[in-house]
Amino acid sequence: MAPIVKELTVGQVAERAGVAVSALHFYERQGLIHSRRTVGNQRRYRRDTLRRVSFIRISQRVGMPLARIRQALDSLPENRTPTREDWAHLSQQWRTELDARISQLARLRDDLTGCIGCGCLSLSTCTLSNPEDELAAAGPGPRRLMVDALKEDFDAH
């Protein structure tokens, strides 16, 4: 049986984690993962980088922006790799934010065929849902959707 290698090349990490080498370079530039350089200037990653990359990918998949992922990783002691308990704790913290996004997406889905809340008054339904362009006083953009999202964010906190 071959001994377990303590460090992996960028190609090995990319293959094992299922990401492009360029993604690893990007994650490293963003401070999400770290490598050391060999005498020949080649990157070497600790094996636990695989877990960090998985954490990053899953976090992105549930909609967390890289800044929030970096914040979560930075909150871990000694920049260690997240454990199962860390994931449970961090994902619970993100729950409120994710619930608000889910609610906003559901509202967008439900309203998509009727109105995007832009205040344009170009559709016959706009005169019913936004008579006299009352939403203009609330500011530019799709105010109906934005106002509802802001209200939910406020109510959640």
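**The sheet and the pocket**

What you see is an open sheet of three strands, in the order β1-β3-β2 and with antiparallel pairing; strands here are DSSP runs of E with at least two residues, helices are runs of H or I with at least four, both numbered from the N terminus, and two strands pair if DSSP finds at least two bridges between them. Because β1 (7-9) and β2 (36-37) each have a single partner strand, they stand at the edges, and one side of each is left without a neighbour in the sheet. Helix α1 (residues 10-17) packs on the sheet, touching β1 and β3 (contact means heavy atoms within 4.5 Å).

This is a predicted model, in which local features need pLDDT of at least 70 and side-chain atom pairs count only at pLDDT 80 or more, while totals for chains, interfaces and linings use all residues. Residues are numbered from 1 along each chain as its sequence is written, and side-chain values use heavy atoms, with hydrogens and water left out.

Staying with the sheet, β2 and β3 (residues 43-46) pair in the antiparallel sense over two bridges, and R36 has R44 in β3 as its bridge partner.

Turning to the largest pocket, 14 residues line it, and H34, R46, D48, T49 and N79 are the ones that lie nearest its centre. A pocket is an open set of points on a 1 Å grid over the protein atoms alone, where a 1.4 Å probe fits, with protein on both sides within 12 Å along at least five of seven lines, and lining residues have an atom within 4 Å of a point. The largest share of this lining, three residues, comes from β3.

Definitions and conventions. Axes fitted to C-alpha atoms, helices over the stretch in contact; angles between N-to-C directions.
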